[in-house]
Amino acid sequence: MLATRLFPPPPFLHLSPARWTLEAKMAAELVEAKNMVMSFRVSDLQMLLGSVGRSKSGLKHELVTRALQLVQFDCSPELFKKIKEIYEARHSINTDPGQPPQQQPPTHRPPPEALSLHSSYDRSSTVPRTALSTPNIDYPSLYGKYLNGLGRLPLKSMKPEVRLVKLPFYTVLDELLKPTELVPQNNEKLQESPCVFALTPRQVELIRTSRELQPGVKSVQVVLRICYTDTSCPQEDQYPPNIAVKVNHSYCSVPGYYPSNKPGVEPKRPCRPINLTHLMYLSSATNRITVIWGNYGKSYSVGLFLVRQMTSAELLQRLKTIGIKHPELCKALVKEKLRLDPESEIATTGVRVSLICPLVKMRLSVPCRAETCAHLQCFDAVFYLQMNEKKPTWMCPVCDKPATYDQLMIDGLLSKILTECEDADEIEYLVDGSWCPIKAEKERSYSPQCPILVVGGSTGGTLDVNGVPPPAPSTNGENGKVPADVVDLTLDSSSSEEDEEEDDDEDDDVGPRRKRPRLFKKDLASAC
């Protein structure tokens, strides 16, 4: 009877007496759950929030606010049961062991200053649950829980939630609005979906005291992320057509399109989190965000997050702290790559690795690669992080496969080699895990790879390794030297036969003559 007096049925709802009794009972349970939550201590609030996967950090009034929002907007029989268990456990500790715990929650109402909520909270808490689920009523939204301009409580749904991929350059501090589907309100192609929320004093303080990445851009930001409504896997950011975002009374800039250099290829738009901080009220006042989007058949979801934006230098320092692979483990990996395969007919005795980064064609400074990559070649972590900070692709420049930040590791063995080998740009790993430097091709081309055969008259000889011929025998010819004839032994048999036929034709009248070797101006030829 008490619930009936507190919650009279709205005039526009035509409910049967049995249905109204059920709704009144549900409303009474809602009030009971709120009263129990208000009596919880910090440890009880943390236990309740942790059981449903919500954040447990913050001051008590923030935990109370979070728990009351949970009860108001996402209450279920399981949640109500959990609240009752925590309340009874706390109440049984405060009473004598011989006395049974009381089953009824306290009936007193908390003072107004105990709630740091939006002023619309008290008004919404005095309305029956069924009235809130009526789409014709537009109740004020609270802390980003409503979207699409509908102030209604969604029914408890077992449908999995939309998840967004983790972005390395953004650390999530708070979730202001869970990914919520954009629902078209009419048949128009251009839709508007408003959302109202307020920041807590702690969140405002985090933004105000954060450092500036560049003039006017704080490191702690409120960002809007948009993706496809797909619950099968974490979704990447994806903008709907004709996207525009309005914060309070001003439009927010959205990343534009990349120009395409290829003919016939449409320009692509980088879909990144949209920073809303500079247009928001950094106070307890409510902020209104309106997402304008094109309704062309695909379903999109949006979420609001309080994040801390990281720089490439910070990610590099974190990688150096936790992402270095020990040289011995890298050496074992080299041995594994070069291990003899009994089923293969070809045995690999070594593998070459370049000390030049494939991204910028400079010598490696911080060699790294992804754990999922099958190659030993590394790229420079410094330039890789800087490139992904400007245009995030997270693709390995060696094998063109995904190489996300969480999969990166610094090669400890190659880092050690870089400090020991400063005069070579390439090394070779051997089967036992050792390595040796490889000289540049220009240096190797000056040393002869095979002996040079010199033929002079009836005598012949070879040059030494320095290319100097041995002393020639004395003679009475001009200048006391005998001109040396050099024969090219690399000529094929067909060339020799042609020369022999020409000599035979010329010397038919004179008679048989000795075959003369083919002469070269430099008098030298390679013997291999």
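Me: Is Phe-379 buried or exposed?

Reply: Phe-379 is buried, since its relative accessible area is 0% and the cut-off for buried is under 20%. Keep in mind that this is a predicted model.

Me: How do strand 13 and strand 15 pair?

Reply: Strand 13 (residues 367–370) runs antiparallel to strand 15 (residues 408–411), with three bridges between them. In that pairing, Ala-370 sits opposite Leu-408 of strand 15.

Me: Back to the rings. How many aromatic pairs are there?

Reply: The count is five aromatic pairs. One of them is Phe-379 with Tyr-384: the ring centres are 4.7 Å apart and the planes are at 45°, so that pair is tilted.

Me: Why is it called tilted?

Reply: Because planes under 30 degrees apart would count as stacked and over 60 as edge-to-face, the rest are tilted, and the planes of Phe-379 and Tyr-384 are at 45°.

Me: And is Tyr-384 buried or exposed?

Reply: Tyr-384 is buried, with a relative accessible area of 2%. Tyr-384 also pairs with Trp-394: their centres are 5.8 Å apart and their planes are at 75°, so this pair is edge-to-face.

Me: Where do those two sit in the chain?

Reply: Tyr-384 is in helix 11 (residues 381–390), while Trp-394 is in the loop between helix 11 and strand 15. They are ten residues apart. Trp-394 is buried too, at 11% relative accessible area.

Me: Which residues make up the aromatic cluster?

Reply: One cluster takes in Phe-169, Phe-379, Tyr-384, Trp-394 and Tyr-405.

Me: New topic: where is Asp-237?

Reply: Asp-237 is in the loop between strand 5 (220–228) and strand 6 (244–247).

Me: Buried or exposed, that Asp-237?

Reply: Asp-237 is buried, with a relative accessible area of 9%.

Me: What does the side chain of Asp-237 make a polar contact with?

Reply: With the side chain of Arg-225, at 2.6 Å. Leaving aside residues up to four places away in sequence, Asp-237 touches Arg-225, Leu-167, Ile-226, Cys-271, Arg-272 and Pro-273.

Me: What about Tyr-258, where is that?

Reply: Tyr-258 lies in the loop between strand 7 (250–252) and strand 8 (274–275). Tyr-258 is partly exposed, at 27% relative accessibility.

Me: Which residues does Tyr-258 touch?

Reply: Not counting residues up to four places away in sequence, its contacts include Pro-267, Lys-268, Pro-270 and Arg-272, and also Lys-390 and Lys-391.

Me: Last bit, the whole chain. How many helices and strands?

Reply: The chain has 14 helices and 19 strands. Of its 528 residues, 37% are buried.

Me: What share of the contacts is between residues 24 or more positions apart?

Reply: They account for 69% of the contacts with a separation of 6 or more.

Me: And the accessible surface?

Reply: About 32100 Å² for the chain, with 53% of that belonging to carbon and sulfur atoms.

Terms used. Residues numbered from 1 in each chain as written. Predicted model: local features only at pLDDT ≥ 70, side-chain atom pairs only at ≥ 80, totals over all residues. Heavy atoms only, no water. Pairing = 2+ DSSP bridges. Helix = DSSP H or I, 4+ residues; strand = E, 2+ residues; numbered from the N terminus. Phe/Tyr/Trp six-rings, centres within 6.5 Å; stacked < 30°, edge-to-face > 60°. Buried < 20%, exposed > 50% of the residue type's maximum accessible area, 1.4 Å probe, protein only. Contact = heavy atoms within 4.5 Å. Areas by Shrake-Rupley, 256 points an atom, 1.4 Å probe, with all protein chains shown as cover. Polar contact = N/O pair within 3.5 Å; in protein donor to acceptor, adjacent residues only side chain to side chain.
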